[in-house]
Amino acid sequence: MASSAPATPRGSFPRFLEHLSGSGKAIGVLTSGGDAQGMNAAVRAVVRMGIYVGAKVYFIYEGYQGMVDGGSNIVEANWESVSSILQVGGTIIGSARCKAFRTREGRLQAASNLIQRGITNLCVIGGDGSLTGANIFRKEWSELLEELAKNGKISQEAVQKYSYLNVVGMVGSIDNDFCGTDMTIGTDSALHRIMEVVDAIMTTAQSHQRTFVLEVMGRHCGYLALVSALACGADWVFLPESPPEEGWEENMCVKLSENRARKKRLNIIIVAEGAIDTQNNPISSEKIKDLVVTQLGFDTRVTILGHVQRGGTPSAFDRILASRMGVEAVVALLEATPDTPACVVSLSGNQAVRLPLVECVQMTQDVQKAMDERRFKDAVRLRGRSFEGNLNIYKRLAIKLPDDQIQKSNCNVAVVNVGAPAAGMNAAVRSAVRVGIADGHKMLAIYDGFDGFAKGKIKEIGWSDVGGWTGQGGSILGTKRVLPGKFLEEIAGQMRAHSINALLIIGGFEAYLGLLELSAARERHEEFCIPMVMVPATVSNNVPGSDFSIGSDTALNTITDTCDRIKQSASGTKRRVFIIETMGGYCGYLANMGGLAAGADAAYIFEEPFDIRDLQSNVEHLTEKMKTTIQRGLVLRNESCSENYTTDFIYQLYSEEGKGVFDCRKNVLGHMQQGGVPSPFDRNFGTKISARAMQWITSKLKESHSKGKKCVTDDCICVLGISKRDVLFQPVAELKKETDFEHRIPKEQWWLKLRPLMKILAKYKASYDVSDSGQLEPVQPRSIQGEPATI
């Protein structure tokens with residue numbers, strides 16, 4: 001992964017997109033290798049961003065095969081060419097494996113076809129094989145041109161004019177098997193498909209007390225298997241990078257029967273298709289099934305998910321990721337010089353970065369080499385910080401040591417949910433409870449928020465009590481918006497009565513305010529002088545100290561799915577514009593990111609004040625749009641973006657101004673954004689961030705016990721969150737100055753930087769700051785210091 005030092009902006013002044021011109025440039029975009037959901041979003045972003053900066057953009061159909069065949073396979077794209085493709089899975093420009101491109105003759109023909117159209121910039125969306133091919137092509141480019149000139153195919157003038165080829169790659173692969181990026185395009189959507197199947201299978205398995213063996217994709221990479229095992233709490237997982245130890249057959253059967261003895265009615269075993277043992281022999285799902293049946297006599301079924309994982313509509317995460325990467329790829333091509341090496345645009349934590357393609361491919365190949373040579377620890381390390389972290393947490397949460405092997409800490413740690421329910425809260429509670437028990441603590445569950453805390457609704461919670469919680473929406477512990485301020489005496493009394501030594505709060509802005517109140521009350525109540533940490537969980541994503549909150553991804557997917565359906569409802573009818581109201585309080589995260597994911601024409605938010613002139617220009621913009629082949633418009637409005645420009649007002653304005661051109665419909669999404677099963681992202685994020693919070697609590701308790709001191713300093717009461725590329729514990733006292741308490745939002749919000757991106761992709765002129773984009777960063781093995789954020 002890239003180092004955790006920030007990207008080096010060139011020069012000390014902000015650079016804007018306006019300073020970069022694509023005039024006279026021609027960009028070719030192709031998808032190659034296996035398809036992945038989100039590729040279309042990347043293609044759309046490249047085409048629209050390219051056209052926006054004045055470049056010509058060409059579709060290269062059928063991957064490298066189309067480049068070699070030329071003719072009608074290389075076609076100039078226009079703005080409407082990529083309309084209504086955001087929600088489509090696969091790739092509209094086709095993908096194919098190409099033997100011809102592997103030969104020099106094939107590449108010579110491809111170069112000739114590109115020169116005919118003046119294309120000297122390539123944006124390649126594919127896996128490591130596709131990107132390696134592009135780099136070979138780039139290196140040979142000048143020789144290929146000389147050869148073409150020698151054969152009389154092109155003039156010497158053309159050789160001079162098109163003397164170098166720039167290549168930027170985006171990784172589209174559902175396996176997440178490319179080193180250097182935290183998430184590849186398509187991985188999150190594939191996890192959605194897997195979790196939909198797992199959730200469905202769990203209900204039938206429970207009914208019949210069955211064991212299910214699920215085989216997921218991943219011939220050389222176990223990422224999908226590992227994360228889906230983590231997200232559904234599977235009993236056992238088989239991965240190519242981390243084979244089970246000798247004697248695994250017996251260990252697995254013991255574990256399965258122990259789980260049944262704990263009254264668990266089902267077992268789930270997840271197997272990557274490339275699973276192997278320590279001798280590199282394949283472990284098949286049928287072999288596992290036969291073992292369970294013969295050894296334990298359990299009723300066992302095998303389900304092979306196959307190409308279902310590649311299909312379906314892309315998730316909100318993949319659409320946003322692909323859109324960001326597509327825009328970044330065009331910026332990288334505009335800035336490229338003859339000496340710029342081929343790069344990959346990639347995600348590090350929450351930041352887009354550029355990495356040298358050759359180094360990334362080399363490290364990806366090193367993983368396979370390590371597995372072939374049975375150096376499995378190296379393989380896991382090379383796979384990256386995200387993979388290694390997931391594996392360690394999975395082991396801690398899946399396998400309970402016998403009680404006599406757990407060293408008791410004699411500490412009681414309480415967990416409470418505060419504020420509105422958010423999908424993923426239960427996964428966070430499960431993770432905290434199990435990590436706490438593994439660390440030797442007695443875990444206490446507080447029911448119904450601070451209100452329940454004051455009334456003494458506190459019970460010990462055990463390992464098996466939280467089984468099966470990851471896939472459940474809402475809050476099983478119950479949650480309320482009540483703040484602790486009125487009940488400080490009662491809460492302090494309960495903390496005394498239950499000897500609570502540390503507190504984990506999982507919740508939204510109320511949890512943050514509650515933490516501030518408890519922190520301020522430490523002088524009056526010594527019971528509050530204990531380590532306290534808050535994990536952000538709210539659909540609004542408005543907690544200071546973190547770029548993401550548990551629950552916001554699920555809400556974003558609900559908004560995106562609903563927008564897709566609403567847009568589809570208008571297909572075949574006359575021109576129509578939909579006005580959709582989203583939740584979020586004063587925080588425009590859901591409206592803005594929902595707009596980016598659903599391809600909205602406008603998103604009205606509180607953070608960017610607007611007036612009647614803005615509304616008027618949006619209406620005019622839509623009217624112009626409707627004169628083309630595009631027949632649907634989408635406008636999102638955050639519920640509190642304006643006191644007077646209400647959803648009804650905007651609906652009526654658009655209806656009146658659009659008369660004769662388009663008609664309007666409005667939709668208030670309401671509480672459906674808070675409900676539903678958690679997305680894979682929220683299950684995984686909740687599980688990992690909560691486990692990290694418990695590790696912090698354990699270290700703080702050890703520290704205070706060894707020093708014999710109470711926790712009175714600011715760094716004992718923290719918010720845990722992701723900030724750019726790092727996981728950070730920030731004292732709640734320090735976050736006060738970063739908070740707009742009146743509107744319940746942080747004063748600075750990272751996603752506002754993406755706002756111009758949504759406008760550009762909707763054909764508005766916008767000032768887009770590209771200062772964060774910059775030079776190539778080295779790809780480093782994951783032994784780096786610091787605590788990187790992987791989502």
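**Cores and a parallel sheet in a predicted model**

In this predicted model, the largest nonpolar core holds 157 residues, and Val29, Met170, Ile270, Leu504, Ile506, Tyr589 and Ile697 touch the most other members. Helix α10 (residues 316-335) supplies the largest share of this core, 13 residues.

Q: Which residues is Tyr589 in contact with, leaving aside its neighbours within four places in sequence?
A: They are Ser540, Asn541, Phe548, Ser552, Leu556, Gly594, Trp750 and Trp751. Contact requires heavy atoms within 4.5 Å, so each of these residues meets that limit with Tyr589.

Q: How do you know that β6 and β8 pair?
A: Strand β6 (residues 211-216) and strand β8 (residues 267-272) share six bridges, in the parallel sense. Pairing needs at least two bridges, so these strands qualify. Val213 stands opposite Ile269 in β8.

Q: Why are β7 and β9 called edge strands?
A: The open sheet has four strands in the order β7-β8-β6-β9, with parallel pairing. Strands β7 (236-238) and β9 (300-304) each pair on one side only. Neighbouring strands of this sheet are turned by 15° against each other on average, direction ignored.

Q: What lies across β6, β8 and β9, and at what angle to β6?
A: Helix α6 (residues 187-208) lies across these strands, running at about 170° to β6.

Methods
Residues are numbered from 1 along each chain as its sequence is written. This is a predicted model: local features need pLDDT of at least 70, side-chain atom pairs count only at pLDDT 80 or more; totals for chains, interfaces and linings use all residues. Side-chain values use heavy atoms; hydrogens and water are left out. A nonpolar core is a set of buried Ala, Val, Leu, Ile, Met, Phe, Trp, Tyr and Cys residues joined through side-chain atoms within 4.5 Å. Buried means under 20% relative accessible area, exposed over 50%, partly exposed in between (1.4 Å probe, protein chains only). Helices (H or I, at least four residues) and strands (E, at least two) are DSSP runs, numbered from the N terminus. Axes are lines fitted to C-alpha atoms, for helices over the stretch in contact, and angles run from 0 to 180 degrees between N-to-C directions.
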